[in-house]
Amino acid sequence: MATPTTFTLATVATHNNASDCWTVVNGSVYNVTSWISKHPGGSGAIKGMCVVDASAAFSGQHGGEKRPASELAGFKIGTLIK
C-alpha cells in the first residue's frame with residue numbers, strides 16, 4: 001500500500017494561480033486547477049480557493065451535500081501536515 005502524500009502549507013502556497021491552483025479543505029490538499037472552468041458557480045469561486053484553507057467556504061456553501069463532496073474528493077492529492 002502506498003504511503004499517502006503529505007504537503008506543507010508552504011508547498012501549497014506555491015500553487016497559487018488559475019493555471020496551477022491547490023487548496024486545502026478539512027486537512028486534505030486538492031489540485032482544483034481543472035475544475036476552475038467547470039465549476040457550476042463560476043470560476044471565481046474556485047480561484048478564490050487557490051492557496052487558502054477553504055474549509056469554511058466549502059462547508060458554508062456545500063456542507064452536507066454529497067455531490068460537491070464527491071467531486072472534490074476526485075481532486076485530492078494528499079494531506080496537509082503542520
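**Exercise 1.** Does Arg67 count as buried or exposed, and at what relative accessibility?

*Solution.* This is a predicted model, in which local features need pLDDT of at least 70, side-chain atom pairs count only at pLDDT 80 or more, and totals for chains, interfaces and linings use all residues. Residues are numbered from 1 along each chain as its sequence is written, and side-chain values use heavy atoms, with hydrogens and water left out. Step 1: buried means under 20% relative accessible area, exposed over 50%, and partly exposed in between (1.4 Å probe, protein chains only). Step 2: Arg67 has 63% relative accessibility and therefore counts as exposed.

**Exercise 2.** Describe the salt bridge of Arg67 and Glu71.

*Solution.* Step 1: a salt bridge requires a side-chain nitrogen of Lys or Arg within 4 Å of a carboxyl oxygen of Asp or Glu. Step 2: between Arg67 and Glu71 the N to O distance is 2.9 Å. Step 3: both residues lie in helix α4, four residues apart, about one turn of the helix; helices (H or I, at least four residues) and strands (E, at least two) are DSSP runs, numbered from the N terminus. Step 4: Glu71, at 26% relative accessibility, counts as partly exposed.

**Exercise 3.** Classify the aromatic pair formed by Phe7 and Trp22.

*Solution.* Step 1: rings of Phe, Tyr and Trp (its six-membered ring) pair if their centres lie within 6.5 Å; planes under 30 degrees apart count as stacked, over 60 as edge-to-face and the rest as tilted. Step 2: the centres of Phe7 and Trp22 are 4.9 Å apart with 70° between the planes, so the pair is edge-to-face. Step 3: Phe7 has 13% relative accessibility and counts as buried; Trp22, at 10%, also counts as buried.
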